[in-house]
Amino acid sequence: MDLILFGMQGAGKGTVGKKIAGHFGLEIFETGAALRELASQDSELGRKIKKIIEAGNLVPNEVVMEIVENFIKTLPVGSNILFDGIPRKVEQANSLNKLLNKLERPYRAVLIDISKETALRRLTTRKICSSCKEVYPASYTKSVCEKCNSSLTTRADDNPESIKVRLEAFDRETLPAIELYSDKLIKIDGEGTIEEVAELAEKTLKEII
């Protein structure tokens with residue numbers, strides 16, 4: 001069973017997703033990471049992506065789906081996937097669902113559910129590693145990154161005005177995509193700590209994966 005992971009900015013989706021993937025042995029597909037990896041390869045698809053990126057253009061939806069299909073076909077038989085950060089819009093959701101159905105891969109959607117108030121509080125107090133870009137919540141008390149020992153900073157756009165714009169984009173673009181999965185959607189309460197949310201997700205998903 002593949003999982004399509006959704007969450008408003010500030011939900012801790014990336015961190016919780018990694019914990020879920022590790023717990024269940026899922027392969028993570030994250031669009032940005034997949035693009036960077038392929039662009040560094042001397043393959044037909046890699047050269048195509050590199051050309052698009054170097055021209056300063058957004059990667060078209062059909063190419064993203066080509067990347068997803070390429071990713072799936074390189075995995076060992078029987079591997080399950082956690083999709084993080086895709087789909088972001090209705091068009092992409094329809095394309096991803098069509099591809100997964102074509103490849104006969106069953107899937108469910110998971111929403112890490114938080115309020116806008118929680119999102120605003122978390123985003124305005126979180127810290128980010130200046131080097132490896134690992135994200136830490138306000139409850140993290142150290143001044144350096146656990147992974148690379150670099151200093152922590154705050155994002156310039158983690159201010160109430162910018163965050164409001166990003167949350168409005170989530171409502172406008174991603175919520176309609178989430179609604180397409182109403183019959184396949186599992187909601188996880190994301191208001192607790194990362195550890196609490198991950199534990200709740202693991203208990204909830206245990207029955208379906």
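This is a predicted model: local features need pLDDT of at least 70, side-chain atom pairs count only at pLDDT 80 or more; totals for chains, interfaces and linings use all residues.
Helix 1 covers residues 13-24, and its 12 residues reach 16 Å from the first C-alpha to the last, which is close to the 16 Å expected at 1.5 Å a residue. Within helix 1, the buried residues are Lys13, Val16, Gly17, Ile20 and Ala21. Seen down the axis of helix 1, these buried residues fall within an arc of 135 degrees, so they line one face of the helix. The partners against which the buried residues of helix 1 pack are strand 1 (2-7), strand 2 (27-30), strand 3 (81-84), strand 4 (107-113) and helix 8 (194-205). Just after helix 1 comes Gly25, which takes a positive phi of about 70 degrees.

Helix 6, residues 116-125, has Thr118, Ala119, Arg122 and Leu123 as buried residues. Their directions, seen down the axis of helix 6, fall within an arc of 120 degrees, so they too line one face of the helix. The buried residues of helix 6 pack against helix 7 (160-179).

The arcs can be set side by side:

Thr31 belongs to helix 2, residues 31-39. Because buried means under 20% relative accessible area, Thr31 counts as buried at 16% relative accessibility. When its neighbours within four places in sequence are left aside, Thr31 is in contact with Val64, Asp84, Gly85 and Ile86.

Note on methods:
Residues are numbered from 1 along each chain as its sequence is written. Side-chain values use heavy atoms; hydrogens and water are left out. Helices (H or I, at least four residues) and strands (E, at least two) are DSSP runs, numbered from the N terminus. The expected span of a helix is 1.5 Å times one less than its number of residues. Buried means under 20% relative accessible area, exposed over 50%, partly exposed in between (1.4 Å probe, protein chains only). The arc is that of the directions from the helix axis to the C-beta atoms. Contact means heavy atoms within 4.5 Å.
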